[in-house]
Amino acid sequence: MKLVIHGKNIAITDPIRTYVESKLAKALSHFDGLITEVNAHLSVARNPRIHDTHIAEMTLYLGGNVMRAEERSENLYASIDLVADKLARKVRKFKEKKQAKLHNTPALVTAGELVPLKTEGLPELPKEVVRRKYFAMPPMTVDEALEQLELIDHDFYVFRNRETGEINVMYERNHGGYGLIQPRGNGHQTAKPH
């Protein structure tokens, strides 16, 4: 497993590097064959108003899947512990779901009701683009997109719908469940919310 560690507002010393390596080795030892690379981003917020200033963000690459987790606390080592444990739980859950699919047993997590996104009360977007990201977007089902959303630990996941060929957005609702944003029209039938 390849490990890359980056620091922001913090020097990555040998003791920090050794701690990250040992914590990940312990937390992910049962999944060693699955994980090809881990990127760790450690940072310290320099704002005195922020309480939990030490941030550990880690991204795992498991074949064609990407899994991400982030934790923050008052201590860098505690943040590393928290994020490594969170990733271990995510990888275990991912492996169990994959095995359940292979054995045709029901998965532990269900999507819940998919509903359209409400637009009122949303913050305004910045007037200029501050960052661009490019990524592969292979076609996938709504269930596969939901699985990816859970793996990357974001509020939303953009994907190309295998059935329609259009770009869709899967998102986690504040009050539980998930939502799906689909384009209307363009000659394709879109699912109506229940």
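Colleague: How many helices and strands make up the secondary structure of the protein?

Modeller: The secondary structure comprises three helices and nine strands, where helices (H or I, at least four residues) and strands (E, at least two) are DSSP runs numbered from the N terminus. From the N terminus on, the order is β-α-β-β-β-α-β-β-α-β-β-β. This is a predicted model, in which local features need pLDDT of at least 70, side-chain atom pairs count only at pLDDT 80 or more, and totals for chains, interfaces and linings use all residues. Residues are numbered from 1 along each chain as its sequence is written, and side-chain values use heavy atoms, with hydrogens and water left out.

Colleague: Why is a set of residues called a nonpolar core?

Modeller: The name applies because its members are buried Ala, Val, Leu, Ile, Met, Phe, Trp, Tyr and Cys residues joined through side-chain atoms within 4.5 Å. The largest such core has 26 residues, and Val20, Leu28, Leu42, Met58, Leu60 and Met67 have the most contacts inside it. Helix H1 (14–27), strand S2 (37–44), strand S3 (54–62), strand S4 (65–73) and helix H2 (76–102) each give two or more residues to this core. H2 gives the most, with eight residues.

Colleague: Which residues does Leu42 touch?

Modeller: Contact means heavy atoms within 4.5 Å. Not counting residues up to four places away in sequence, Leu42 touches several residues, including Ile5, Ile16, Val20, Ile55 and Ile80.

Key. Buried < 20%, exposed > 50% of the residue type's maximum accessible area, 1.4 Å probe, protein only.
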